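Q: Please take a close look at one residue in a loop of this model. I would like to know how it sits in its surroundings, and how far the rest of the model can be read.

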Amino acid sequence: MRHSRPRAFVVCDLGFGDAGKGLVTDALVRRSGARLVVRYNGGAQAGHNVVTPEGHHHTFAQLGAGSFTPGVRTFLSRHVVAHPTGLLHEARRFDGVHGGQVLSRVGISRGARVITPFHQALNRLRERSRGEGRHGSCGIGVGETVHDGLLHPEAMLTAGVLADGVQARALLTATRDRLRDEAQRLAEACGAQGLEAARFAAAELSLFSHPGVIDRWMSQVQPLVEAGCVVDDEVLGQWAEGAPVVFEGAQGVLLDESIGFHPHTTWTDCTPRQAMALIETHLPAHAPVRIGVLRSHGVRHGNGPFPTEADLGVRVPDHNGENPWQGPVRYGWFDAVLARYALDRCGGVDLLALTHLDLIARRGGIHAARAYTSAPGHALDFLARWLPGAEGVRLVAEGAGALPAQEALGAWLQRGVVPKLVDLAKAADFIAWVEQELGVRVGMTSAGPTVNDVSWSPDLAD
Amino acid sequence: MGYGNYSYEAHRDLVEDRKSTGQVAFTEQRLHPLMDPHGVRVRESRDSPDHPETLSLVFALDVTGSMGHIPRLLSQEHLPGFMKLLYDCGVPDPQLLFMAVGDAVSDQAPLQVGQFESTGELIDQWLTRTWLEGRGGGTNEESYELAMYFLAQHTELDCMVKRGKKGYLFMTGDENPYEVLSRHLVERWVGDRLDADLPTEAIVAELQKSYVPFFIVPDPQRLGSCEVAWRRLLGDHLICLRNVEDICHVAAGLILLNERRVEKLEDLREIFLKAGLSSERVPRVLHTLAPFATTLGMGPPSVLKQIGNLVTGLLG
């Protein structure tokens, strides 16, 4: 089937993240001939792994996961929370291993919010002061930056300001002074947790008390400005070069700020919404295709509800192992109830991408949750809408999207439900079952780490 | 490299870059007006509702060239945890004054004095304000006696006034004090007009009315050049560290021993372990504290006594 309009693929994780957006993005770029990858949400905390057929590997945080293909650009849209020095680090690492000058292929929207060292320090202090009660944040400061920007929109440092040394310094100084009291309070809370935490807190807190920090940081981000990386949103149309474009999502719908289960969420819109708006504004000739990514099993980093959590009995080959801020990676069975919930709440997708199908053959079949039964003392009303065969059932979760409702839903998932499992013997059975349960066609599947392990359905085959 | 957290690496660079260039504290390029002792009537260490039973502590650090790395080490590595360590050791309300000591003859700021503070963050402010002039006299003498004079004459401690309990002075250094404090230098740096020069011995005697002073040499190699003079002045209150990184734990140990908050030196082992000191470092700290503990009759049993016990045991 030929397409008269170039397509804009919107890659969106329908779970808790880690579904394989890196692989899907890389494969779509190679397959479609796209010249541009657009990041439409999240920020520097992304960790999208791509392994090439030649064996090269990179964990993409701010560079687009299509960067292995020569000439393919990355555009960090205004919805991304950028970390300039982190980006420079990543570019150096990428160039060091793979050669080239990847920064010459990177654009950051002038409107993108910028994480300051003070937001990052505050985030790290907050995580540390919580001790065991971490919420799975990566210690980068995305949430602090977004939250602070909501309270003080006029004081937000954006990428466009970086070139103006005077204004940038003024905003940084104001940010530092605005956040200092909170940092002090959190550092004291850390101090109550032992010598090491106190030492950690002192180092982070010292960022707030030394005037040299701002100059130092400004000189560190300068190469980004000088490389011409900060651009207007209008370049989107030009950089697309009339070819398909891949919109690479971050995080996952179940971590979305209003869909996920408070407080185990991220401060970003994880649905395709922002990508669709960018396409409508800047790429009006492109036809959007939303691709929801799911693994053959459940995965989640850090704390939070995970009803189907289980020992899979085999090792899952994963680049996203433990990291000191997110805690250990957890696995479980595929959860059709949560997938339905994600699809319903994010506005739906056009096709699915199913990854890690090789796991099914390796363990000789797999379980998947089709429905839940209630745990003793709990009722399922709250979830009725997303249980199978319950179409038309009233939306019981009144006030859905509000934090208390999301928190209550999360609590239910943690205590009130028992997954009802089905057995699926082969990958083909799994694919057919998912299509039936979720009512969406599968457009691509992967059974290994590289683009060579991807199979395409007729929907994406051209 | 694991999880590709480049932003974490960048942040760490920023924090550590400042560490390596010593900018965490000590950014001053001249004497900070708030640390100038000239004209100061009194530095007070007071009880408050939050800290009803203060114990006044002074760290007076030799900041001349050969000793200049110690304040950095203290501020970056150790002082942040020192207050916590003291709480863990059962000292409820420590208040810490930070002083920097140089040479009154040749330096532009031979004495810098902070304020008594109860939190690590506030102490850190004084460390930040401290100017590391880094010169010193090269005469094997520094003006330690000027610092002691200031403490004896210009501080007031609630622990002393209200409870008759002396404060503690921990002065680091590796040189001798001058034998006499010139009245001209006192007037120049502190602003007091004296009738006569003061013998250092007299200053120490005055200081000991309200403080328990310790002179702490950072490592055994430096002990030789200053041991005689300090032994004469302070006796067994001259402490020589095996390793300078032990300084906060040794100071805490000296307080606990002198306050008799433990029965014997060995009791400190568990306290230090609980406070997070590694099991490799505990023996070294205890070893450093052993001579002082022995003077108090709290030391490790002597070899002779051990043999005696053994013999008694065998005979019995």
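A: A:Thr69 counts as buried because its relative accessible area is 17%, and the cut-off for buried is under 20%. The model is a predicted one. A:Thr69 lies in a loop of chain A, the one between β4 (57-60) and β5 (73-76). Once neighbours within four places in sequence are set aside, the residues in contact with A:Thr69 are A:Val29, A:Arg30 and A:Arg105.

The chain around this residue comes next. Chain A has 462 residues, and 59% of them are buried; A:Thr69 is buried as well. The secondary structure of chain A consists of 13 helices and 18 strands, with β4 and β5 on either side of the loop that holds A:Thr69. Of the chain A contacts between residues at least 6 apart in sequence, 79% are between residues at least 24 apart.

As for confidence, the model has an ipTM of 0.75 and a pTM of 0.63. In chain B the average pLDDT is 84, and 85% of the residues reach at least 70. Among the elements of chain B, the highest mean pLDDT, 97, belongs to strand β11 (residues 211-217), and the lowest, 66, to helix α1 (residues 6-20). Residues 20-24 of chain B have a pLDDT below 50, and the model gives this stretch 10 contacts beyond near neighbours in sequence.

Conventions. Residues numbered from 1 in each chain as written. Chains lettered and ligands numbered in written order. Predicted model: local features only at pLDDT ≥ 70, side-chain atom pairs only at ≥ 80, totals over all residues. Heavy atoms only, no water. Helix = DSSP H or I, 4+ residues; strand = E, 2+ residues; numbered from the N terminus. Buried < 20%, exposed > 50% of the residue type's maximum accessible area, 1.4 Å probe, protein only. Contact = heavy atoms within 4.5 Å. pLDDT = per-residue confidence, 0-100.
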